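Trainee: Could you take me through this model feature by feature, giving the general idea before the particular case?

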Amino acid sequence: MRKSTRTMLAAALALGVAAGPAIVPATAATPPAATATAAVPAPLPSLETTMPGAIAGLPRADATAALVRVGGTGGSWQGSSGVHDLESGSPADPAARFRAGSVTKVFTAATVLQLAAEGRIDLDRPARSYLPDLIPGRYAKVTVRQLLNHTHGVPAPDFPGETVEEWYANRFVVHSPEAMVRSATAKPREFRPGTRQHYLNIGYTIAGLLVERVTGDTYERQVERRILRPLGLRDTYFPGEAAEITGPYNHGYQTMRLDDGTTGLRDVSVWGTTDGWAAGDIVSTTAELERFTRALFKGGVVRGPLLEEMFTLPKVPDLKSGDPAAYSAGLSMKRLGGREVWGKTGGRWGYNSAIASTRDGARTLVYSVNSTDAKGQDMNRTALTLMVSAYGLPE
């Protein structure tokens, strides 16, 4: 289990990092406690003061490279640091593609909400009514909305391996979304739907299959037609069964046991992502994710009342921590510098990423950090620093 916001912030300060986390990764979300009066937001941090130091000194133990773009009415800043690869030591390519991990969920949620706006999907309708051949009766009451906000109660599917070394050995195994759903739904539910929140990929795997069922098209083509093509996102794509990133990319590394028995960094840039699919396999660039984020928050991707689904937290506790839910349809929320910051983090081996914005678009943040432990228990130090350097300290 990842550290709480308070613990991570204390650890960061002990390391001399003037920051704490913003959008907390999957299992770490710690929503703010309710207050009687709204806090007055602090001024947004000065980008020229905070951002250069946030990525200085790369490569180092926690990360080999970082690509950052900050925008909005509160000013803009772009920067990169670190290396393209450890062998050559050449500078990191600021336009490189990277695995964006669970940022994929924002694209999936937006696609489902577009279909809901068209009347082709009912968010309050059971998912089983769309996929009766795949979802068994024990999950008959799980609604589409619950898939998107992680209150469905469906457990995670089984995957081979228990250590990073075993997962690396299985990195080319192809997982079908249908098989993942069958594996998950063969188990007892974790809780009664709508009563708890547990962040997992499986709800978005089902959502991707639901998109395919109601459109008669592939999930990937629907996202391309509805989001990628209209926004001109030509460097954003779904890799399918391909294990290598197409086009220029900065290499990702993972600390693990090597063939000679020592512990060190292994290049994990080539790694299949079919286990993520509609929940976590997209590849993009910081420039294109920034364009997507701006359009999303301005109502240019999901329009009308359904956009509020992305900014509405269910009023249920987190399954593990008991804290209030922190995830909406596609996004999550933290209060930083006295203001709401909404966004989504992502992690694939060798790569941590995030998109974030204030509701008014005063400040957007997109980053890719080539983390050496992208799926570790603690939030990456460089990513943590970037979040608070952009928005301020958590309450």
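Trainee: Which strands does β1 pair with, and how do they run?

Mentor: Two strands count as paired if DSSP finds at least two bridges between them, the strands (E, at least two residues) and helices (H or I, at least four) being DSSP runs numbered from the N terminus. Seven bridges join β1 to strand β10 (residues 364-371), and the two run antiparallel, with R69 standing opposite V366 of β10. β1 is also joined to β2, by six bridges and again antiparallel, and here A66 has S81 as its bridge partner. With five residues between them, β1 and β2 form a hairpin, in whose turn G72 has a positive phi of about 110°.

Before going on, note that this is a predicted model, in which local features need pLDDT of at least 70 and side-chain atom pairs count only at pLDDT 80 or more, while totals for chains, interfaces and linings use all residues. Residues are numbered from 1 along each chain as its sequence is written, and side-chain values use heavy atoms, with hydrogens and water left out.

Trainee: Is β1 mostly covered or mostly open?

Mentor: Burial is read from relative accessible area: under 20% is buried, over 50% exposed and in between partly exposed (1.4 Å probe, protein chains only). By that reading β1 is mostly covered, since nine of its nine residues are buried.

Trainee: Where else is there a hairpin, and which residue in its turn has a positive phi?

Mentor: β4 and β5 form one, with five residues between them, and G261 in the turn has a positive phi of about 90°.

Trainee: How should I read the two sides of a helix, and which residues of α2 are buried?

Mentor: An α-helix has 3.6 residues a turn, so residues three or four places apart point the same way. In helix α2 (residues 47-54), the buried residues include L47, M51 and A54. These three cover an arc of only 65° around the axis (taken from the directions from the helix axis to the C-beta atoms), which puts them on the same side of α2. On the other side, E48, T49 and G53 are exposed. The buried residues of α2 pack against β1 (63-71), β2 (77-82) and α10 (381-391).

Trainee: What is meant by a nonpolar core, and which residues have the most contacts inside the largest one?

Mentor: In soluble globular proteins, nonpolar side chains tend to be buried together. A core here is a set of buried Ala, Val, Leu, Ile, Met, Phe, Trp, Tyr and Cys residues joined through side-chain atoms within 4.5 Å. The largest has 67 residues, and those with the most contacts inside it are F107, L148, F292, V301 and M310. Helix α3 (residues 104-117) gives the most to this core, with eight residues. Leaving aside neighbours within four places in sequence, F107 is in contact (heavy atoms within 4.5 Å) with V223, I227, L228, L233, I282, L289 and F292. Apart from that core lies another, of 24 residues, among them A63, A356, L384 and A390.

Trainee: How many aromatic pairs are there, and how is one described?

Mentor: A pair of aromatic rings is described by the distance of the centres and the angle of the planes. Rings of Phe, Tyr and Trp (its six-membered ring) pair if their centres lie within 6.5 Å, and planes under 30 degrees apart count as stacked, over 60 as edge-to-face and the rest as tilted. By this rule the count is nine. Y219 and W277 form a tilted pair, 5.2 Å centre to centre with 55° between the planes. This pair links distant parts of the chain, 58 residues apart, with Y219 in helix α8 (residues 219-231) and W277 in the loop between β5 (263-267) and β6 (282-284). Both Y219 and W277 are buried.

F311 and W342 are edge-to-face, at 5.3 Å centre to centre and 85° between the planes. F311 lies in the loop between α9 (286-297) and β7 (332-336) and W342 in strand β8 (residues 339-348), so the pair ties together parts that are 31 residues apart in sequence. F311 is buried at a relative accessible area of 9%, and W342 is buried at 2%.

Trainee: Which charged residue lies over the face of F311?

Mentor: A charge sits over a ring if NZ of Lys or CZ of Arg is within 6 Å of the ring centre and within 35 degrees of the ring normal. R359 lies over the face of F311, at 3.7 Å from the ring centre, and R125 lies over that of Y130, at 4.3 Å.
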